[in-house]
Amino acid sequence: MTLAKASASRITRTIATGAAIAAAALFAAPAAVAANSPQPRGSSAVFVQSDDTTANTVVAYARAADGTLAQQGVYATGGKGGILPGTVADHLASQGSLAYDRHHHLLYAVNAGSDTVTVFAVHGTHLRRVQEISSGGSFPVSVTFHGDRVYVANTLGGGSVQGFVRTGERLVKVPSWNRNLGLDKATSAVGQISFTPDGSKLVVTTKASGQSIDVFPVGAHSGPSARPVVTSTPGAVPFGFAFDSAGRLRVTEAGTNSVGTFTVGRDGRLTAKGTVPTGQTATCWAVAAGNHLYVSNAASGTLSGYRVGAQGQLTALGNTATDAGTVDAAASSDGRYLYVQTGIKGLVDEFRVGANGSLTAIGSVEVPGGVGGEGIAAG
């Protein structure tokens, strides 16, 4: 048997085993929460991770017609949050530690202090914990999915990426889908991991000793390439990113407090298309809302807004004040509302997004145990 066939065979057996585990779990679960039961998509829900180091939790909020939030429940992940040394408002120093799969009604949360990932089944604003599984590395900080594939980025120990196959509501780790990022173990730091919109590539930002944007091409039925295509960005400190509607990569650059734009080639190579300074401090997180882009400036306590032009150009819309320690953010699926974690007091600030991209503050809610927490997802 060839190496490729042997690898495919192993993956197939792994997936089959995972399917059997998932089926057993569903058989044991009450009928009311079986996977084939009709479930609300949670389109009016917002989920926020506390990253509590004693017991990590996800807090569920219902979104009212005017965009304001009301807490509905607090759900333990089964793991613990973590704190990277030197952090204050952003204990994970990352983007995307919480990911919501609306289509399959699943929520993924990293537990940095336990080196695990938790899977929740979503029923409106109610969460049912399904699984807690090893992240395949040290201090997971970001998670992404596309179809039945899920990947997690671990920030310590030189940095690593671990892939999983989703079978029903559960994840099965595929050992051959682990990639070491080769960063300095003393200063390694990953900003974010995400699939490209078409699912053909994984993008990973590295900070500290790395300062690069790594792109792993991903086969339709296989794991990531053995090595990434690395775009070095010395001094820029790439942190978080978002894709616009045309698939362009918008990266926050904390070292220069700016937003860099790149196109992603079929081979994973990036082409720089320009940089726009925010004029703020600690520009680290990015979120797209329709044809607008918003980036969080943690030290300034502001959001910088941009309109995305037809040719990809960014037009500055000005800065909007938030509570102190502006970190991760999420937009509602209709692009009408923006929700921003502010880590100093552990709040989520709520904004209405105008047709011209302007932001109007409509309130804020507390996240129990959420000081310094990161991870937010909206329906």
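Reader: How do you know that Arg250 and Asp244 are buried or exposed?

Author: In this predicted model, both Arg250 and Asp244 are buried.

Reader: What makes Arg250 and Asp244 a salt bridge?

Author: The closest N and O atoms of Arg250 and Asp244 are 2.8 Å apart. The cut-off is a side-chain nitrogen of Lys or Arg within 4 Å of a carboxyl oxygen of Asp or Glu, so this pair qualifies.

Reader: What links Asp244, Arg248 and Arg250?

Author: A network of salt bridges links them. Asp244 pairs with Arg250 and also forms a salt bridge with Arg248, where the closest N and O atoms are 2.7 Å apart. Arg248 has a relative accessible area of 15%; the limit for buried is under 20%, so Arg248 is buried too.

Reader: How many salt bridges does the structure hold, and which parts does the one between Arg128 and Glu169 tie together?

Author: The structure holds 4 salt bridges. The side chains of Arg128 and Glu169 meet at 3.0 Å, N to O. Arg128 sits in strand β7 and Glu169 in the loop between β10 and β11, so the pair ties together parts that are 41 residues apart in sequence. Both Arg128 and Glu169 are buried.

Reader: Why is Ala282 called partly exposed?

Author: Its relative accessible area is 22%. Buried would need under 20% and exposed over 50%, so a value in between is called partly exposed. Ala282 is found in the loop between β19 and β20.

Reader: Which residues lie nearest the centre of the largest pocket?

Author: They are Arg102, Gln192, Ser194, Ala242 and Val287, out of 40 lining residues. Strand β8 gives the largest share of the lining, 5 residues. The lining divides into 21 nonpolar, 14 polar and 5 charged residues, and the pocket has a volume of about 1100 Å³.

Reader: Which residues have the most contacts inside the largest nonpolar core?

Author: Tyr151 and Leu202 do, in a core of 41 residues. Strand β9 gives the most to this core, with 4 residues.

Note on methods:
Residues numbered from 1 in each chain as written. Predicted model: local features only at pLDDT ≥ 70, side-chain atom pairs only at ≥ 80, totals over all residues. Heavy atoms only, no water. Core = buried A, V, L, I, M, F, W, Y, C linked by side-chain atoms within 4.5 Å. Buried < 20%, exposed > 50% of the residue type's maximum accessible area, 1.4 Å probe, protein only. Helix = DSSP H or I, 4+ residues; strand = E, 2+ residues; numbered from the N terminus. 1 Å grid on protein atoms, 1.4 Å probe; cavity = no way out; pocket = protein on both sides within 12 Å on 5 of 7 lines; lining within 4 Å. Points joined across faces, edges and corners; volume = space filled by probe spheres on them. Nonpolar A, V, L, I, M, F, W, Y, C, P; charged D, E, K, R; others polar.
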